[in-house]
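This briefing is for a reader meeting the structure for the first time. Please look it over before reading the points below.

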Amino acid sequence: MSIPRLLVAVLFATLAAAASTPAHAAGAGSCAAEKFSDNRVFAACADLTRLGASLHWSYDATTSSLSVAFLASPPSGGWVAWGLNPKAQTMDGTQALVAVPKANGGGYEVQTYSISGTTLDNPGPLPNYQTSNLAAEVAGDGRVTIFGTLKLQNGTGAEVNQVWQVGPYSSGAPQIHEMQSDNMNSKGSLNLLTGATAAASGGSILRQKNTHGILNAVSWGLLLPMGAIFARYLKTFKSADPAWFYLHVACQLIGYGVGVSGWATGIHLGNLSKGITYSLHRNIGITVFALGTLQIFALFLRPKKDHKYRLYWNIYHHSVGYTIIILGIINIFKGMSILDVEQKWKTGYIIAIAILGAIAVILEVVTWGIVLKRRKEDSKTYNGTSNGGRLPLSM
């Protein structure tokens with residue numbers, strides 16, 4: 001198979017694999033597949049690892065208003081609860097929305113409780129959160145959904161502590177829940193802006209965001225710069241021809257393929273979180289993907305070395321290529337800020353980029369030394385006419 005046909009085959013195989021990623025991520029059983037009555041829609045969701053529960057929410061940072069829908073399966077006729085703890089990731093101090101069976105046996109209602117130690121106080125207003133739009137529903141499969149809006153206090157911030165639970169209900173009151181591992185560990189942190197949660201399952205938004213970040217960091221942020229280094233510097237060494245070309249094409253093609261998967265995951269995350277938009281990060285990502293696709297298809301329009309339009313193609317190819325690399329690296333750092341990743345990951349990526357930059361600087365000096373030496377030798381050999389030794393601009 002010829003190189004162009006091979007490139008086309010790999011390209012379309014990559015696109016097909018990337019296109020399948022969102023469908024798998026949003027597969028049956030994930031929080032994204034949930035539908036609510038009265039056309040209720042939430043900006044983000046997360047599947048919680050404990051008790052088979054999930055949380056959907058919309059957060060308005062300007063008004064500190066948090067609207068939630070919490071789903072869980074209680075014991076038959078039992079209660080479900082979800083709440084926030086302003087101080088710690090513990091049951092003690094949690095202020096909860098608790099869905100309990102109505103006294104007349106007609107469905108569920110939501111009561112608010114402040115928890116002291118391991119006991120529920122009498123139902124009453126939550127001291128730290130003003131509540132409204134409280135409602136509860138029970139589905140045919142026995143799952144109970146709590147709906148509600150909480151007014152967060154100023155200074156709460158985007159990171160909150162959440163606690164959730166299920167248990168039996170009798171004698172007109174919630175009874176103590178079981179002491180199994182799931183019950184004892186149904187708590188964690190939740191970032192209302194990024195969707196980061198300490199209790200997220202494999203299909204959660206947080207995991208998808210981490211996957212999105214890793215794919216893009218490896219592709220646009222590492223493989224493409226490596227491919228550019230191979231093309232610019234190895235071609236100066238006659239012994240590296242044509243190995244440099246295949247190394248360059250391999251890095252750029254693999255980098256583009258991985259990058260397409262990362263881009264597709266990002267589009268999918270945007271569709272899941274319509275109420276949370278990072279416009280600049282999204283727009284740069286779309287631009288990088290569009291330019292990268294243009295670069296791939298431009299390979300099939302690449303003139304021969306002696307063609308009169310080869311110079312213009314070279315100018316286009318290099319300018320667009322370096323633009324992709326610069327924008328990609330900028331967007332990776334913006335993505336790290338959005339995800340609020342630990343400093344060690346930022347430091348690790350900075351070190352990787354610094355190493356590639358140092359290699360490029362060293363090779364720049366070495367290759368220009370080779371170029372100048374060749375020009376000097378050619379000048380002596382051909383009476384001042386230099387026809388070799390320059391840094392080639394074409395692939």
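Is His-212 buried or exposed? In this predicted model, His-212 has a relative accessible area of 16%. Buried means under 20%, so His-212 is buried. The protein has 395 residues, and 42% of them are buried.

**Overall build**

- The secondary structure consists of seven helices and 13 strands.
- The accessible surface amounts to about 20,300 Å², and carbon and sulfur atoms account for 60% of that surface.
- Of the contacts between residues at least 6 apart in sequence, 61% link residues at least 24 apart.

**Annotated histidines**

- An unreviewed UniProt entry carries the annotation "binding site" for His-212, His-248, His-281 and His-317.
- His-212 is part of helix α3, which spans residues 205-233.
- Leaving aside residues up to four places away in sequence, His-212 touches Gly-262, Thr-265, Gly-266, Leu-269 and His-281.
- His-317 sits in helix α6, made up of residues 310-339.
- The relative accessibility of His-317 is 10%, so His-317 counts as buried.

- His-177 is located in the loop between β12 (173-174) and α2 (181-184).
- With a relative accessible area of 10%, His-177 is buried.
- Apart from residues up to four places away in sequence, the residues that His-177 touches are Trp-79, Met-91, Gln-165, Val-166, Gly-167, Pro-168, Asn-183 and Met-184.

**Cysteines**

- One disulfide is found in a search of the whole structure.
- This disulfide is formed by Cys-31 and Cys-45, whose sulfur atoms are 2.1 Å apart.
- Cys-31 belongs to the loop between α1 (3-25) and β1 (44-47), while Cys-45 belongs to strand β1, so the pair ties together parts that are 14 residues apart in sequence.
- The disulfide is right-handed because the torsion about the S-S bond of Cys-31 and Cys-45 is about 65°.
- Both Cys-31 and Cys-45 are buried.
- Cys-251 is buried as well, and its relative accessible area is 10%.

Technical notes. Residues are numbered from 1 along each chain as its sequence is written. This is a predicted model: local features need pLDDT of at least 70, side-chain atom pairs count only at pLDDT 80 or more; totals for chains, interfaces and linings use all residues. Side-chain values use heavy atoms; hydrogens and water are left out. UniProt positions are given in the numbering used here, feature names are shortened, and annotations may be inferred rather than shown by experiment. Helices (H or I, at least four residues) and strands (E, at least two) are DSSP runs, numbered from the N terminus. Buried means under 20% relative accessible area, exposed over 50%, partly exposed in between (1.4 Å probe, protein chains only). Contact means heavy atoms within 4.5 Å. Accessible areas come from the Shrake-Rupley method with a 1.4 Å probe; for residues, only the protein chains shown count as cover. A disulfide is a pair of cysteine sulfur atoms within 2.5 Å.
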